[in-house]
Amino acid sequence: MTLLKVERDGPITTLTIDRADTMNPLGAPGDGDEFRAACDAINRDMEVRCVILTGAGRAFSAGGDIKAMQSKTGTFGGSPPAISDGYRDNIHLILRALHGLRVPVVAAVNGPAIGLGCDVACLADIRIASDKAKFGVTFLKLGIVPGDGGTWILPRVIGMSRAAELFYTGDVIDAATAEDWGLVSRVVAHDDLLAEAQALAAKIASMPPHSLRQSKMLLRQGQQVNYDTALEMAANTQAMMHHTDDHAEGVAALIEKRAPDFKGR
């Protein structure tokens, strides 16, 4: 059963986690390959400038498949080494694919984002939440640990203290608390969520595509390297951008007091 619905609207691609009848669980065999294929296609297509990630129905994603955990089937079946490989070769592919997207990603969190679903949302560059959204990393309540790298992801979004509180208690927070904690940029009325995400994505997509992708790279790398390295990366990347047609267009548009028309050249 396929997982993702992929829709293209000009420079914006929307990825919808589409198992609405079961609240969009993740981790079935093949899910990682499907995410990887979709994200690889986006990275190769210079016409794509922004991605919207959302869920079908009433949930963003309720996390891993609890019934498969109970029956010890699929990714969650077999010996401990087999389960480790299931995470590496399937669940981790989902996260690596999203983390490796070279264009900005806007998560439109339309409902519960729990466990793996919360960590997937946190890999987006920007998160907008419906007022019906909820967030939690409830692994310990199931007697397991965050096997998806969530202990690396979540502290980078909300800080160590609040991440630890969520992991250690298994608490689920509402959208207003998520906004207060910096987990989401803003909360909007449920019926307005997709329109808000599309408007934001359109604004992002109006930017020059090479500079957009390079800015994401610098933001990402800036969290991992020291300041001197970040400055060197910025100088070298900036030098390349000064030689693009889009840079000339941006300067000309500002001087001529008009909207720029970036072509990705």
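How much space lies in the largest pocket? I read about 590 Å³. The model is predicted, so I kept to its limits: local features need pLDDT of at least 70, side-chain atom pairs count only at pLDDT 80 or more, and totals for chains, interfaces and linings use all residues. Residues are numbered from 1 along each chain as its sequence is written, and side-chain values use heavy atoms, with hydrogens and water left out.

**Pockets.** I took a pocket as an open set of points on a 1 Å grid over the protein atoms alone, where a 1.4 Å probe fits, with protein on both sides within 12 Å along at least five of seven lines; lining residues have an atom within 4 Å of a point. A volume is the space filled by probe spheres set on the points, which are joined across faces, edges and corners.

I looked up the lining of the largest pocket and found 21 residues, with Cys 122, Ala 124, Asp 125, Arg 220 and Gln 223 closest to the centre. Helices (H or I, at least four residues) and strands (E, at least two) are DSSP runs, numbered from the N terminus. By class I noted eleven nonpolar, five polar and five charged residues in this lining. Ala, Val, Leu, Ile, Met, Phe, Trp, Tyr, Cys and Pro count as nonpolar, Asp, Glu, Lys and Arg as charged, and the others, Gly among them, as polar.

The second largest pocket holds about 280 Å³. I found Thr 14, Thr 16, Thr 54, Leu 194 and Gln 198 nearest its centre, among 16 lining residues.

**Salt bridges.** I counted ten (a side-chain nitrogen of Lys or Arg within 4 Å of a carboxyl oxygen of Asp or Glu). Arg 186 pairs with Glu 196 at 3.6 Å between the closest N and O atoms. Arg 186 is in strand S9 and Glu 196 in helix H8, so the pair ties together parts ten residues apart in sequence. Arg 186 is partly exposed at 29% relative accessibility (buried is under 20%, exposed over 50%, partly exposed in between, with a 1.4 Å probe and protein chains only).
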